[in-house]
Amino acid sequence: MSSRNEAIQRAETYFDSGAFLTDLARLIAIPTESQEPYQKHQLMRYLKEEMRPLLERLGFKTHIFDNPNPIGGPFLFGERIEDPSFPTVLTYGHGDVVRGQAGSWMGGRDPFILEEDGERIYGRGTADNKCQHLINLQALGCLLQEKKQLGFNCKVIIETSEETGSAGLQEFFDEHKKMLAADVLIASDGPRLQWDTPTVFTGARGAQTFTLQVNLRDGANHSGNWGGLLADPAIILANAISCIADKRGQIQIPSWRPTSLTPDIREALRDLPVGDSQGPAINENWGEEGLTPAERVFGWNSFAVLAMKSGVPEAPVNAIDGYAFAVCQLRYVVGTDVQGLLPSLRVHLDANGFDNVEIRQEDRGFFHATRLSPDNAWVRMVMASLEETSGKTPHLLPNLAGSLPNECFAETLGLPTVWVPHSYAGCSQHAPNEHILKPVARDAMRNMVALFWDISEKGAPI
């Protein structure tokens with residue numbers, strides 16, 4: 001008889017032999033930059049050359065679907081149905097990555113060549129999300145090698161447009177609800193709270209991205225001849241931003257301040273650490289005053305300026321430009337009036353004298369805020385399994401600080417959603433030098449094969 005420990009040992013052997021990094025290197029080598037239209041063919045290549053063969057080796061029937069939204073990339077669906085009476089686990093990953101940013105990586109690294117440096121493994125998509133769904137799929141493989149069956153049914157959906165707002169995912173889920181039906185979503189994305197301790201989260205903050213722009217005149221005019229006579233768009237824009245959030249980043253729009261930081265959520269967040277030695281130092285005096293760091297990032301809304309420009313920063317001249325813009329974003333939790341976000345911003349700017357600041361919603365999609373009760377039976381089962389395997393009590397979050405398309409699973413499919421992230425906060429996700437930590441990836445392999453073993457042995461929790 002096979003045992004749980006033997007399944008874990010099989011996963012350790014797969015990782016320690018170097019096979020995991022060999023497999024990951026092939027995934028990283030496909031430049032699936034969904035933000036670059038000229039790379040769109042790479043999205044299909046990723047599904048056909050890597051994901052489909054991997055799943056079919058695991059006994060999954062697969063099908064690749066075109067995206068109902070022409071902006072988005074294709075989807076791969078796989079299923080292994082062992083017995084209709086078994087519980088069905090749906091898992092998810094996204095094969096696309098943000099722009100590689102070649103030329104900006106340390107030591108001239110190529111973002112699409114996996115490179116090992118001590119405990120760090122560099123490459124675009126290592127942390128987000130290729131390593132994470134590779135771990136989960138190979139954990140299923142280790143379980144199959146050990147038991148010759150999963151002991152549950154499994155469905156897999158791999159999308160290729162997450163980094164552009166999951167274009168078409170909602171429409172795809174609406175059309176294929178029956179095909180995607182399951183008992184639970186167990187998937188991986190995002191970072192652990194601390195690199196050496198498992199994390200579970202059951203939802204995500206939403207995200208709304210928009211552009212503020214001030215367009216007063218064509219071209220630029222000499223700052224000596226016209227300074228003090230012509231309104232400066234950059235100054236107007238800077239002041240407009242300062243009326244949205246104050247000098248410590250506190251949101252000044254009343255309707256952008258959530259109502260859901262209730263006593264039970266505060267209690268759930270009370271002992272959670274934020275940040276670790278591998279990431280940047282937290283600014284204790286930034287964000288909403290009176291809240292703990294955990295409450296600010298997991299229980300509250302945050303406003304950020306992603307980029308702003310006036311003139312030519314890389315080659316400034318003595319001139320007042322006629323145009324300025326800033327790309328901004330609100331990350332929001334459950335309890336925020338989503339439909340009223342931009343209308344309330346318009347009212348707020350007008351009331352503060354900034355009627356000449358235009359608001360433009362970004363074309364790319366945005367994600368909704370979701371949460372699942374931490375007392376859900378699937379959450380309790382996952383927490384217990386991770387604790388048994390790791391020997392540590394996992395950190396449990398009501399929602400991820402970041403955003404992902406969890407509403408498609410939680411709302412459209414009506415599933416309990418349990419996310420077990422395999423990265424860490426200092427991974428440089430979306431930036432040059434993206435990487436994973438080998439000890440985190442190895443630990444995740446152990447945890448996931450044991451979790452799947454427990455589902456196989458115990459069935460759906462009650």
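Which residue in E5 is the bridge partner of Asp117? I looked it up, and the partner is Arg120.

**Ground rules**

I am working with a predicted model, where local features need pLDDT of at least 70, side-chain atom pairs count only at pLDDT 80 or more, and totals for chains, interfaces and linings use all residues. I count residues from 1 along each chain as its sequence is written, and the side-chain values use heavy atoms, with hydrogens and water left out.

**Overall picture**

I find 14 helices and 17 strands in the protein. Both kinds of element are DSSP runs numbered from the N terminus (helices are H or I with at least four residues, strands are E with at least two). The C-alpha trace spans about 85 × 50 × 45 Å along its principal axes. I also checked the radius of gyration, which is taken over C-alpha atoms; the globule rule is 2.2 Å times the number of residues to the power 0.38. For 462 residues a compact globule would come out near 23 Å, and the protein agrees, because its value is 23 Å.

**The three-stranded sheet**

E4, E5 and E17 form an open sheet in the order E4-E5-E17, with antiparallel pairing. I call two strands paired if DSSP finds at least two bridges between them. Strands E4 (115-117) and E17 (435-437) are the edges, each pairing on one side only. Neighbouring strands here are turned by 25 degrees against each other on average, direction ignored. For angles, axes are lines fitted to C-alpha atoms (for helices over the stretch in contact), and the values run from 0 to 180 degrees between N-to-C directions. E4 is joined to E5 (residues 120-122) by three bridges, and the two run antiparallel. Helix H4 packs on this sheet and touches E5 and E17, with its direction at about 55 degrees to that of E17. Contact here means heavy atoms within 4.5 Å.

**H4 and its other partner**

Which helix packs with H4 at about 130 degrees? It is H1 (residues 4-16); H4 covers residues 126-147, and the axes are 9 Å apart. The two helices are therefore oblique to each other. In the scheme I use, angles under 35 degrees count as roughly parallel, over 145 as roughly antiparallel, 65 to 115 as roughly perpendicular and the rest as oblique. The crossing of H1 and H4 is right-handed. That label applies if the near helix is turned clockwise from the far one by less than a right angle, and left-handed if anticlockwise. From H1, the residues in the contact are Glu6, Ala7, Arg10, Ala11 and Tyr14, and they meet Leu134, Gln138, Cys142, Gln145 and Glu146 of H4. By class, I note five nonpolar, two polar and three charged residues in this contact. Ala, Val, Leu, Ile, Met, Phe, Trp, Tyr, Cys and Pro count as nonpolar, Asp, Glu, Lys and Arg as charged, and the others, Gly among them, as polar.

**The four-stranded sheet**

I then followed the order E11-E12-E10-E13, an open sheet of four strands with antiparallel pairing.

Pairings I noted:

- E11 and E12 (residues 319-332) run antiparallel and are joined by eight bridges; Lys309 has Phe325 in E12 as its bridge partner.
- E10 and E12 are antiparallel over 13 bridges, and Phe210 stands opposite Cys328 in E12.
- E10 and E13 are antiparallel over four bridges, with Thr211 opposite Arg360 in E13.

**H8 and H11**

H8 and H11 (residues 341-351) pack at about 115 degrees, with 10 Å between their axes. Their crossing is right-handed. Ala240, Cys243 and Ile244 of H8 make the contact with Leu345, His348 and Leu349 of H11. I count five nonpolar residues, one polar and no charged in it.

Most residues other than glycine have a negative phi, and most peptide bonds are trans. Gln101 is not a glycine, yet its phi is positive, about 60 degrees; I place Gln101 in the loop between E3 (88-94) and E4. A cis peptide bond joins Asp128 and Asn129, with omega about 10 degrees, and Asn129 sits in H4.
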